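Good morning, colleagues. Please take a moment to look at the sequence and the structure before I continue.

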Amino acid sequence: MEGIEGSKQVQDSTKARAWGPDLLVYLQSSIPNLVNKIHKRGREYEKTISIEYLSRLNERYEAWITNYDNGKLLKINVDDMDFVENKSDYESILSMIKKEL
């Protein structure tokens, strides 16, 4: 029991000294949107990414972000945005970030 408690104390101490970013921006997306963006980019090495893998990865990111407590968090759903092709969407995201800083 001492080993586990000692380990937890070290972990808590390390976390207390670690600085988080001024703002963490999390761009949230559904699996269909992710698949669409991947296909649109057309990168050869991304063509083999399975929907199952994307789903598991997305679940893990969602679980991680739900428990994020190392600073300010801005969560933006980008399903209805295309900040690469649409300057208005890009400006909207930039505005949200500036507002939070």
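Eight salt bridges are counted in this predicted model. In general, side chains of opposite charge can pair when their charged atoms come close.

I begin with Lys37 and Asp82, whose closest N and O atoms lie 3.8 Å apart. This pair joins distant parts of the chain, 45 residues apart: Lys37 belongs to helix α2, and Asp82 to the loop between β2 and α4. Lys37 counts as partly exposed because its relative accessibility is 22%, whereas Asp82, at 18%, is buried. Together with Lys40, these two residues are linked in a network of salt bridges.

A further salt bridge connects Lys75 and Glu62, with 3.6 Å from N to O. Here too distant parts of the chain are linked, since Lys75 lies in strand β2 and Glu62 in helix α3, 13 residues apart. Lys75 is partly exposed at 40%, and Glu62 is partly exposed at 22%.

Let me now turn to helix α3 itself. Which residues of α3 are buried? They are Leu54, Asn58 and Ile65. Viewed down the helix axis, the buried residues fall within an arc of 35°, so they line one face of α3. Their cover includes β1, α2 and β2. The face turned away from the buried side carries the exposed residues Glu52, Glu59 and Arg60.

Finally, the whole structure contains one aromatic pair. The ring centres of Trp64 and Tyr68 are 5.5 Å apart and the planes meet at 55°, so the pair is tilted.

How values were computed. Residues numbered from 1 in each chain as written. Predicted model: local features only at pLDDT ≥ 70, side-chain atom pairs only at ≥ 80, totals over all residues. Heavy atoms only, no water. Buried < 20%, exposed > 50% of the residue type's maximum accessible area, 1.4 Å probe, protein only. Helix = DSSP H or I, 4+ residues; strand = E, 2+ residues; numbered from the N terminus. Arc of directions from axis to C-beta. Contact = heavy atoms within 4.5 Å. Phe/Tyr/Trp six-rings, centres within 6.5 Å; stacked < 30°, edge-to-face > 60°. Salt bridge = Lys/Arg side-chain N within 4 Å of Asp/Glu carboxyl O.
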